[in-house]
Amino acid sequence: MDLRSTLQLPDAESTIPMKANLPTLEPSILAIWEERGLYAQILESRVGAPSYVLHDGPPYTNSPIHLGTALNKILKDFTVKSRTMMGFRAPYVPGFDSHGLPIELAVTKKLAAKKETVTGSALRTACREHAYEYIKIQSEQFERLGVLGLWKHPYATLDYTYEAELVRTFKKLVEGGHIYKGLRPTLWSPTSQTALADTEIVYHDHVSTSIYVRFALRHDPNQIFSEFPNLYTIIWTTTPWTIPSNLAVAFHPQLDYAIVKVGEDHYLIVSALVERIAEKLGWTDFEVVATREGINFDHMTFSHPIFDRNSLAVMAEYVTTEDGTGVVHTAPSHGRDDFYTGQKYGLPVPNTVDGKGVLTSEAGEFAGTYYKDCDTVVVDRLKEVGALLKSEPYHHTYPYAERDGKPVIFRATEQWFLSIDPIREQMLEEIQGVQWVPPVGQNRIEAMVRNRPDWCISRQRPWGVGIPVFYGKESRVPVLDPEAIEAVARLVEARGSDAWFEVDAKDILPEGYVHPETGETEFEKETDTLDVWFDSGSSSLVTLDSQVTPEWKTQGLHWPADVYFEGSDQHRGWFNTSLILGTAIKGAAPYRTVVTHGFVTDSEGRKMSKSLGNVIEPMGAANQYGADILRYWVASVDYQSDVPCSDALLKQIGDSYRNVRNTLRFLLSSAAGYDATSEGPMSEGSWADLDEWVREQADLLAADCVQKYDAFDFGGVINAIHNFCREELSKFYLDAIKDRMYCDGVNWPSRRSGQATCLYVLNQLLTLVAPILAFTAEETWMKMRDLGLHASESSIHTERFRSPSPERMQEIEGSQLQARFESLRGLRDTVNAAFEQYKGTDGIKNSQDAIVRLTLPADTFGVMSSFSISDLANYFRVSWVELTLGEPAISFAPSTYPECARSRLRRPDVTSISIEREEFLLSDRDRQVLGV
RNA sequence: GGGCUCGUAGCUCAGUUGGUUAGAGCACACCCCUGAUAAGGGUGAGGUCACAGGUUCGAGUCUUGUCGGGCCCA
């Protein structure tokens, strides 16, 4: 008789395969999801439930995705999927950021390679095509990673509807009085007469005229220098042509400044450089007569060396003692630092240089002079008025325009601004009401908002949304009229922002439109475009508030979003611009919670770069290891700091994945064949306690994991799950029930209870792991359906977490089982360790061949006595157990019992029996099953 | 150069308000099983908590500095 055939051994057909083969499995699951319309199905299953809205920060559509983008999107997917399983309606409308310089440059380069030069609308068309191409590529890549969302109707900043809504956002800002036109220094090429971006600049060696100029003290309200007559401060600059624009001199508030007596004069310069400056200026007889900290000079005034006007003493942190005098010549029109410092002190920005590089009437006597010629004209004049202390050639690197190879200048140009001061306090207040995860994020954004200057929202670039402003043709007075802007919005809605550049003003404006201020009837259009941060900063308004795409209206979206989840660099970027626009237009922050993650590095903590050769490419990893491995990786690293990734790490992740997978596989094969409709499992005998205990464990795991999901602690979730698979299941529970599952009668209550319990635990585990291992969970769920373990036609991702109710939690807390099994497992560890010592003596290698004799103190003895001896033998994996009351001791002896031919256990009740004239050693239980 | 931030076993992570001998998992070594088998089980060896000072009866935890990463600026 073949005893093996009478066992209920695991059937490989009744479970998922051991080898996952994710790279081929995942695409097949994606096809099923696609066919079902899974995303829509999930949302439908939550109609009427409260919404939880994660608003997507749009990636820039200029390249395939990289690992950082993958990390970000997977974290968002964990969030959306887990909130869905908590019962929320969690829509996800993905976004794409598609205007701006990088695309323009990429397209220009691409066309240049084909020897084409394209401008105007042809360039915009090429940019549009380029952006849509990458929207398609990125969408496919994100979907491949298992990220579910409204991929058929994402928001993209270049869509006509989106562009039109940007125009309307601008309109609302105009209505609210947030927009003004002002001057700001821009990198400017006087030769090609265009504004340039930082990326269009190269640095070359250059010889400038450097000068030392003295500024006489003019007003000293606190009488700091009253005892030092003829006091001057000295500035050093390499751009003499900006002296006519000087409005301030900057000191470092914390540096010490010396008052140096030279003849009858006193000079105020930074202490650290006195010797160097003395040598440079040829002071032979000088004396430091006093020292003062820079902070004392705040708001004093000096005299401009040429013009009869103030040069304000201001404080600036960027002042150094590297070179110069520790006093920085400040011309807000001609430098970024100068401009921001000027803003802080309320200084104007004079328009002293025109587009051709010629000084204007605002430069007084220098009007009409080319800026370069000022290097001699201004120097001569300074010499004449006695302000020039020294002039010499100076070698350094200087910015040149890449396109024509000529030097560039900073020049004040007209720009559009969004003023921050009127909303700053409100923004700071809003920040208080937002939950920042981790909490340090709040400090970061607060510092940014507190210090940020007005937002310059205009760019002199072709690839963007045109700023919808008309000018009176003669007067050049801008039309800031909502009616006129709305006319633009309607045009853009129909034909895109491209139309703004192509259609004449008169064809956009209503018939007979008159300039509200000047009465003009002829108009010209603004040529500047909106900063791309304006595009993305408006996304919550466009997507969640206006919901300009019909498909969005059915999603259950709401403004503000429940959560933003982005890299920590976005404190300066998107979180900031979104907050500005949310506050300016809706009077509130656009998010309730902001979660940030770190950046991807290699396993040494270095950033990934081609030159270091440590780049992990996400799609390569998905196709080599599987998206679930990548997802497991995302869950297992601590995303709140920088996260490491390498091939070695992904391989290691694969090992952990396999353990979880095998546990699911074994649970499923154990549950397979269970028919819930036939007579239910009985609840008696200590095996029932074991089953109840593991159900309690699974419920505790569920409670723990759901709480962790709620706190965005995905690492905690996967760790708890993996630990549970390892400790509670593989090492203990699944091992302990094997005999029952394999050898007991198919429909014995003991076996059915085991099956029902495996199914229960499997359902718990599977729902808990589904947000992370999206594909594996689905694969298992589908197999369960094939095996009749559930009847759901839908996906695991429409399921809910099976969190224990408060009553159930109370029941578990009051349960004796937890303490009993904790004690049992503790003793089991002791027995295992002791057996390791005993192993080898008496020729015994396998614990199943030994009897363990345990002498236990009263409490433990009591607990162990509550289990049957045969179950204890099972738990300890030994032949038999002998319990005695007394001083703790443990010993082993070879088992004298014969081995049951069917169950392979050596038990006291194993005796010989003849079946079909063949002798078999069998235990009572096995005889019963066989009916002999 | 400045602001913020990170540095715990070979790897990925835990370590509550400072308090026994710093914990898991993976990998590794040895062993068992061969009825989860390209699986499973047992035991074990891995740590000057980046480094150097300080506060304290007591520091992985607090503090200062140094070194090395990262982000954002300059």
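Reply: The model is predicted: local features need pLDDT of at least 70 and side-chain atom pairs pLDDT 80 or more, while totals for chains, interfaces and linings use all residues. Residues are numbered from 1 along each chain as its sequence is written, chains are lettered from A and ligands numbered from 1 in the order in which they are written, and side-chain values use heavy atoms, leaving out hydrogens and water.

The structure holds one cavity of 30 Å³ or more (a set of points on a 1 Å grid over the protein atoms alone, where a 1.4 Å probe fits but cannot get out). The largest cavity has about 90 Å³ of space in it, counted as the space filled by probe spheres set on points joined across faces, edges and corners.

Its lining, meaning residues with an atom within 4 Å of a point, consists of Y39, I42, D77, V80, K81, T84, M85, A90, L148 and H797. Two or more of these residues come from each of α2 (38-44) and α3 (67-85), helices being DSSP runs of H or I, at least four residues, numbered from the N terminus. Helix α3 has the largest share of the lining, with five residues.

Terms used: On a 1 Å grid over the protein atoms alone, a cavity is a set of points where a 1.4 Å probe fits but cannot get out, and a pocket is an open set with protein on both sides within 12 Å along at least five of seven lines; lining residues have an atom within 4 Å of a point.
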